[in-house]
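New notebook page today. I'm opening this chain for the first time and jotting down what I look up as I go.

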Amino acid sequence: MQSQIVCHRCRRVLAYPAGAPSVCCAVCRAITAVPPPAPAVEMAQLICGGCRTLLMYTRSADTVRCSCCSTVNLVRPVNNIAHVNCGRCRTTLMYPHGAPSVKCAICDYITNTGINTMSPAPCPRPPSNESAYNAPSTSVPTSQPQNVTVVVENPMTVDDKGKLVSNVVVGITPG
């Protein structure tokens, strides 16, 4: 299996076998040290409380700031959160795992958690002229295409101080 690294002297891309501690550039003869492989980082997901966008974060995080509405979301233990669609307005609701029912904050309907369970899905964002902290939650089923939030996690890198740097990109695509 081949990996690639940039020569620290001439900036050419060098190919080397996985596991090699260093690489010698065939052009400038400089020896470039290969950083150790980054440890695997476990990721988790939650639904933003401000705009209901599906967010991905590292499991060790205590809070997650939404890139769409800037709401700071508190992270609860992943195994204790479950999701269900509201039985009336179909809004995705989060509730503590094991609760027999959950009340929708939008339409006040009480949904039995034993039915309509689903995995989290992104929902429409609030209009940009409202603050995410005081915007009323609204969710209306629509036949129009919705924007989809896309999260891409690239492999982690090591900075010049030896710290791991997360490479996560968030984008929005039209539905």
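Predicted model: local features only at pLDDT ≥ 70, side-chain atom pairs only at ≥ 80, totals over all residues.

I started with the largest nonpolar core, which has 10 residues in all: Ile5, Cys7, Leu14, Tyr16, Ala20, Val23, Cys25, Cys28, Ala30 and Val34. In soluble globular proteins, nonpolar side chains tend to be buried together.

Next I picked Leu14, one of the core residues. Which residues does Leu14 contact, leaving aside its neighbours within four places in sequence? I found Ser3, Gln4, Ile5, Cys7, Val23, Cys25 and Thr32. Among these, Ile5, Cys7, Val23 and Cys25 are also listed in the core.

**The whole chain**

Then I zoomed out. Of the 175 residues, 28% are buried. I also checked contacts with a separation of 6 or more: 33% of them join residues 24 or more positions apart. The accessible surface is about 11500 Å², and carbon and sulfur atoms hold 53% of it.

**Strands 9 and 10**

Is strand 9 mostly covered or mostly open? Mostly covered: I see that four of the five residues in 81-85 are buried. Strand 9 runs antiparallel to strand 10 (residues 92-96), and five bridges join them.

Note on methods. Residues numbered from 1 in each chain as written. Heavy atoms only, no water. Buried < 20%, exposed > 50% of the residue type's maximum accessible area, 1.4 Å probe, protein only. Contact = heavy atoms within 4.5 Å. Areas by Shrake-Rupley, 256 points an atom, 1.4 Å probe, with all protein chains shown as cover. Helix = DSSP H or I, 4+ residues; strand = E, 2+ residues; numbered from the N terminus. Pairing = 2+ DSSP bridges. Core = buried A, V, L, I, M, F, W, Y, C linked by side-chain atoms within 4.5 Å.
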